[in-house]
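Colleague: I have a model open and would like to learn how to read it. Could we go feature by feature?

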Amino acid sequence: MKTFCGRANPTTGALDWVEESEEYDYHQEIARSSYADMLHDKDRNEKYFLGIRAAVRRVKSRGQQAVVLDIGTGTGLLSMMAVSAGADYCYAVEVFKPMADAAVRIVEKNGFSDKIKIINKHSTEVTVGPEGDMQSRANILVTELFDTELIGEGALPSYEHAHKNLVQTGCEAVPHRATVYAQLVESERLWSWARLLPLWVGGRKVVPNPEETSCAGAPTVCDIQLSQVPPTHFHPLSQVLPMYRVDFSRPVSSSPERLTASFPALASGSAQVVLSWWDMDMDPEGTIICSMAPSWTLPDPEKFPWRDHWMQCVYFLPVEMHVTEGEMVRLTLCHDDYSLWYNIQPDSQEGGDSEPLISRPLCTCQAHMVWTRPRFGELNDPKRTDRYVEALKTIVRPDSVCLSVSDGSLLPIFAHILGAHKVYTLENSRMSKKVMERVLAANDLTGIIQVLESHPQQLTSNSLGDEQVSVLIGEPYFTTSLLPWQSLYFWYSRTVLAGQLRDDVTILPQSASLCMAPMEFKNLWRIRAPCGSCEGFDVSVMDEMIQSSLDFSESREAEPHPLWEYPCRALSEPREVMTFDFRQRVPEEALKSEGSVPLSRKGRCHGVALWMDYHLTDDISVSTGLTQPPNQQGDCEWSPHRKQAVYFFSSPWESAGDNASSITYSLTFQPATGNIIMEFIPGPSRHATSA
C-alpha cells in the first residue's frame, strides 16, 4: 500500500501529493518526533524518577504490592524506573506500534521483560481481568500524556477513563497534580502576531478590515520558547496567577469548565495577551516539581532546564481592553477536553465560575485562516515595510503597470499609494482573495487594485486589460513554502509570465541569495542527538530507530526551524553560496555551487543554518535570516517572521577557531523540481574552491 504525502512544489506554488512507500509515514513520525528531546530532558527524567520512587515507597509502606499502569510509555523508560524503584509489575501502554515494538526491545535489553508487559493499544481499549490485558487494576498510575498546553494530547479523557476502569480508588499518581499559570500582559511585539495593525505609507494610513479587528482570531494556542521573549518586550498587568489545577490521583473530568481569577491591575495598559505555562508536582507534598516556567521567572536564568517538547503558551485575547492600575479585573480560563482559552472583563461585571462557558475563539474574518501568526508579525513590521517602500519608490512611475505575485501581500497597496498607474495582484485561493478584497475595501481601494484569483500560468493579456506589466513585484511569500528556497516560486512565476512582461520590465526583488553559516546551537542539537543511556537505562535501540528513519528518506535534507527561539553562535561569517537572478528566466540547466567555509570561531559545530536574502534593488535587501551580522562572539539575531533551514550533522565537529577546519559544501539547484540537493561535510581545511 502506498502513502500520499503533501509537499510544496516551488515550480507551481502548489501542494503536490507525492506517492511514497507505505513506510514513509512511520519513518517521518520517528525521524521528526520529540523522543530524543524527551530522553535528553534531564530535569524531566530526574523528577519523574524521584516521583516514581516516592510513589512506590508509599504503596509498599502500606504493605501492598506495587502494580503500575504506565500510559503512553514510549520507550518504556518510566516503567523501567518503576521496576528499578521496587514495583512488582508494570503494564506499559503504547498505541503507536513502532514505538511499542521498540519498547519491547528496550525493556528486554535492560533485563525487565519479566516485570513489564507492553500493551500495544490505546488506553481506552485496555481490558482488566483474568483474560484481559491487565490481571488486576493498578495502584500506581504513571503517565506522560502532556503537551505545551498540558491537555492537548487528550490527557483528561485518558485519565478519566483510567480512573473509571484501570486503576484502584485512591491510587498513587505520578505526576500527582498539575497547575496552569497565567500572566496578563501588554505587548506590542506579541500583539502584532494577532491581527493586522494600521501602518503609514507615503503619508497615508493603511488600515485593517474592521471585521478582522473585532475577530476573536485563530482558535489554536501559540506555543513558543517564551524564554526568548525578553521581559522588556512586554508589560505585566498582573502577577503570575494559578488558574487551573488538576489532581491526577483522583477521578478526573474531561467536561468543559470555566474558572476565574480576580485581581487588581498591576499597572495601566492594554490587556492584550496571556502568557501561560504549567508545572507538575510529582508527589502529594509538592516537594518534587517539574516546571515549564520561562527562564526569566527564575532567580538564575542560566539554570533553566531547556526542553522543546514542552514550551510555553501565548494566548491572544479576543479584544484588547484598557485597564487602570488598581482596577479590579477578572481573567477567565475555559477548557474543553483538549484545549484552553482565556477572556477578560472588569470585575464589576456579573459572572463567575458558575457562568456559562465562554465559547472557544473562532475566526470569522478568514484572515486568521490565511495568515499565520508569524505572517501577521511580518506584515506589521514597520522596519521591513520601510525597506519595501524605499525600494518601490525607486521603481514605481506614474505610468507603471504593476503585478504582485505573493500570497496576501500589502505591496500592491504600497505601489498604488506611491503612484502606480495600475496595480494587479494574484491570490492563490478564493479565501485569500476575499481577505485581500476586504483589506482593499477598508482602504477605499475596491476596483482600483484588481485582485485576480489565478495562477501565473493561467494569466492572459485580457486579465491585465491588454496591457503589459512594467513592474513585477513580490516579497516573495507563499503559504506553501516551508523551506527558505521554496519561495523561489516567484522566479518560476516570473518565467511563465514572460509573455505578459514588457521587455524593459523591472523585477522586485531583482535577485536572491541563499546564505549559510556553520552553527553551534546551545540546545537545539538535542533534538537530533543520540542519547545512549538515560538515567542509567540503555535506550540505544531508540537512537538506532531514529537514525534508521532519518536515513530512510530525509537524513540529508534540511528542516525548518524558527531560529530566533533557539540561541546559537555562528562559527564563521555568513556566506552567500548560491544566487538566483530573477531578471532572467529560470535556466534549463542545473545551477551548482561548491566551496568551503573556514571555521573562524571556537566551538562545537552542530550543523549549518540556511536562509534567503532578497535583493530588492542594487542597494536595498531584506533577509529572512540574520537581522544583523553576528557579533564578535558569533551570537546571532534572527528574523522572527520566517523559519530558517537547519542541516544537522550526524555528529558535531569541534572547531579550534583557527581556520584549521572548515565546512565543505556542494549545492545543486534542480530547475525541473525547484529543489536544492545539498551536502555539507565538516573536516580539516583544504584549499578552498570558489563557487
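Modeller: Start with one residue. This is a predicted model. S254 counts as buried, because its relative accessibility is 15% and the cut-off for buried is under 20%.

Colleague: Where is S254 found?

Modeller: S254 is in the loop between strand 13 (241–247) and strand 14 (257–264).

Colleague: Leaving aside neighbours within four places in sequence, what is S254 in contact with?

Modeller: S254 is in contact with L156, P157, E160, D336 and D337. Now take a pair: S254 and H335 are 81 residues apart in sequence. In space, their C-alpha atoms are 8.9 Å apart.

Colleague: Which loop holds T372?

Modeller: T372 sits between helix 9 (367–370) and helix 10 (373–379). T372 is partly exposed, with a relative accessible area of 42%. T372 and L237 are 135 residues apart in sequence and 26 Å apart in space, C-alpha to C-alpha.

Colleague: Why is helix 4 described as largely enclosed by the rest of the structure?

Modeller: Count its buried residues. Helix 4 (residues 77–84) has 7 of its 8 residues buried, so it is largely enclosed. The buried ones are L77, L78, S79, M80, M81, A82 and V83. Just after helix 4, G86 takes a positive phi of about 110 degrees.

Colleague: How many residues of helix 14 are buried?

Modeller: Helix 14 (residues 489–496) has 7 of its 8 residues buried. They are Y489, F490, W491, Y492, S493, R494 and T495. Their cover includes strand 20 (401–405), strand 23 (469–473) and strand 24 (501–508). It also includes strand 30 (575–581), strand 31 (591–598) and strand 35 (661–670).

Colleague: How should I read backbone angles?

Modeller: Look for exceptions. Most residues other than glycine have a negative phi, and most peptide bonds are trans. L150 has a positive phi of about 80 degrees although it is not a glycine. L150 lies in the loop between strand 6 (138–143) and helix 6, and is buried, with a relative accessible area of 1%.

Colleague: What is the phi of E535?

Modeller: The phi of E535 is positive, about 55 degrees, although E535 is not a glycine. E535 is in the loop between strand 26 (533–534) and strand 27 (537–538). At 25% relative accessibility, E535 counts as partly exposed.

Colleague: Which residues does a cis peptide bond join?

Modeller: P175 is in the loop between strand 7 (167–174) and strand 8 (177–186). Another joins E475 and P476, with omega about -10 degrees. P476 is found between strand 23 and helix 14.

Colleague: And nonpolar cores?

Modeller: In soluble globular proteins, nonpolar side chains tend to be buried together. Here the largest nonpolar core has 139 residues. L69, F146, L275, Y342 and W638 touch the most other members. Among the contacts of W638 are M519, L563, W564, C568 and W611. Apart from that core lies another, of 89 residues, including L379, Y424, F580 and Y647.

Colleague: How many disulfides does a search of the whole structure find?

Modeller: The search finds 0. C290 is in no disulfide, and the nearest cysteine sulfur, that of C534, is 13 Å away. C290 is buried, with a relative accessible area of 0%. C636 is in no disulfide either. The nearest cysteine sulfur to that of C636 belongs to C568, 4.8 Å away. A disulfide needs the sulfur atoms within 2.5 Å.

Colleague: What lines the largest cavity?

Modeller: Its lining is L379, R384, T385, Y388, S409, L410, L411, F414 and E475. Helix 11 (382–393) and helix 12 (411–417) each give two or more residues. Helix 11 gives the most, with 3 residues. The space inside is about 50 Å³.

Colleague: Which residues does the UniProt domain annotation cover?

Modeller: The unreviewed UniProt entry places "Protein arginine N-methyltransferase" at residues 176–345 and 510–675. In the model, residues 176–345 are 5% helix and 46% strand. The end C-alpha atoms of that span lie 33 Å apart.

Definitions and conventions
Residues are numbered from 1 along each chain as its sequence is written. This is a predicted model: local features need pLDDT of at least 70, side-chain atom pairs count only at pLDDT 80 or more; totals for chains, interfaces and linings use all residues. Side-chain values use heavy atoms; hydrogens and water are left out. Buried means under 20% relative accessible area, exposed over 50%, partly exposed in between (1.4 Å probe, protein chains only). Helices (H or I, at least four residues) and strands (E, at least two) are DSSP runs, numbered from the N terminus. A nonpolar core is a set of buried Ala, Val, Leu, Ile, Met, Phe, Trp, Tyr and Cys residues joined through side-chain atoms within 4.5 Å. Contact means heavy atoms within 4.5 Å. UniProt positions are given in the numbering used here, feature names are shortened, and annotations may be inferred rather than shown by experiment. On a 1 Å grid over the protein atoms alone, a cavity is a set of points where a 1.4 Å probe fits but cannot get out, and a pocket is an open set with protein on both sides within 12 Å along at least five of seven lines; lining residues have an atom within 4 Å of a point. Grid points are joined across faces, edges and corners, and a volume is the space filled by probe spheres set on the points.
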